[in-house]
Amino acid sequence: MRSLLKIFFRLLYNELAITYDLVSWFVSIGQWREWQRQTIPFIIGDQILEVAHGTGNLQIDLISKGYRPTAFDLSAQMGHIASHKLKRHSVTPPFARGMVQHLPFVGAHFTSIVSTFPTEFIIDPNAVKEFNRVLISGGRLIFVPSATIVPKHLLDRFARWLFDVTGQAVGDTVLWEKAIRERYESANFEIKIENVSLPRSVVWVVIATKM
């Protein structure tokens, strides 16, 4: 199952990227955009880097709030989709493509980095090192690794099952938190984890502050 899911997500982020918005809406029963927005209250400064920007939805939200985001992703297909979507909204943030282990930015430039539902790169030691490098002192990495659907209704119960099956939900929360803390605290970050309660779900928000 894990191998099949890896193939599915590789296709979803690349050849099937055009279906990403529909799939994310379906597995969350319409909550995906709201989950992404939970990063915004924790942002500091206005020089923002979004890592793994996907189809560009959070870019729209950030710009509407007055931030100056830069969009970064490995997938050329996601970049193409996001660029066209943002042009339809009359916004054109700078785009960059590459691997998070080699961010193409000068050091100490961004006040905040945001990422929503990232893949395993978020705990890659080389990626964590790069996040530290490009953040200013006191800057923040804010990411949403998962959400838990509160099954109040039949559709929500189905969505929670689907979210669990696709590996998007946090499993053992104690082990998960331990892994995050160990990885980032060893790289000179201070970690804070918020559980943001919404009417139909709880969103995990990790705030890693560069010491």
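## Salt bridges, sheet and core of the predicted model

In the predicted model, E182 is partly exposed, with a relative accessibility of 46%. E182 and K178 form a salt bridge in which the closest N and O atoms are 2.6 Å apart. The two residues belong to helix α8 and are separated by 4 residues, about one turn of the helix. An α-helix has 3.6 residues a turn, so residues three or four places apart point the same way. Side chains of opposite charge can pair when their charged atoms come close.

A search of the whole structure gives 9 salt bridges. One of them joins R68 to D46, with 3.2 Å between the closest N and O atoms. R68 is in strand β2, whereas D46 is in the loop between α3 (32–37) and β1, so this pair ties together parts that are 22 residues apart in sequence. R68 is partly exposed at 48% relative accessibility, and D46 is partly exposed at 31%. A further salt bridge links E194 with K192, the closest N and O atoms again lying 3.2 Å apart. E194 is partly exposed, its relative accessible area being 23%.

The strands are considered next. Seven of them, 7 strands in the order β3-β2-β1-β4-β5-β7-β6, make up an open sheet with mixed pairing. β3 and β6 are the edge strands, each pairing on one side only. From one strand to the next, the twist averages 20°. Strands β5 and β7 run antiparallel and are joined by 8 bridges; R140 stands opposite T209 in β7. Helix α4 packs on this sheet and touches β1, β2 (68–73) and β4, its direction making about 170° with that of β2.

Helix α6 lies across β1, β4, β5, β6 and β7, and runs at about 135° to β5. Its N-terminal end is capped by D124, a side-chain oxygen of which lies 2.8 Å from the backbone nitrogen of N126. The buried residues of α6 are A127, V128, E130, F131, N132 and V134.

The largest nonpolar core has 27 residues, of which F131 and Y184 touch the most other members. Two or more residues each are given to this core by β1 (47–51), β4 (110–116), α6 (125–134), β5 (135–149), α8 (173–185), β6 (189–198) and β7 (201–210). The largest share, 4 residues, comes from α6. When neighbours within four places in sequence are left aside, Y184 is in contact with I122, V128, F131, L141, F143, F189, I191 and A208. Another core, of 21 residues, lies apart from this one and has L58, L62, Y67 and I149 among its members.

Two loop residues other than glycine have a positive phi. For A52, phi is near 65°; the residue is in the loop between β1 and α4 (57–64) and is partly exposed, with a relative accessible area of 26%. For S90, phi is near 60°. S90 is in the loop between α5 (76–88) and β3 (95–97), and is exposed, with a relative accessible area of 67%.

Methods: Residues numbered from 1 in each chain as written. Predicted model: local features only at pLDDT ≥ 70, side-chain atom pairs only at ≥ 80, totals over all residues. Heavy atoms only, no water. Core = buried A, V, L, I, M, F, W, Y, C linked by side-chain atoms within 4.5 Å. Buried < 20%, exposed > 50% of the residue type's maximum accessible area, 1.4 Å probe, protein only. Contact = heavy atoms within 4.5 Å. Pairing = 2+ DSSP bridges. Axes fitted to C-alpha atoms, helices over the stretch in contact; angles between N-to-C directions. Polar contact = N/O pair within 3.5 Å; in protein donor to acceptor, adjacent residues only side chain to side chain. Salt bridge = Lys/Arg side-chain N within 4 Å of Asp/Glu carboxyl O.
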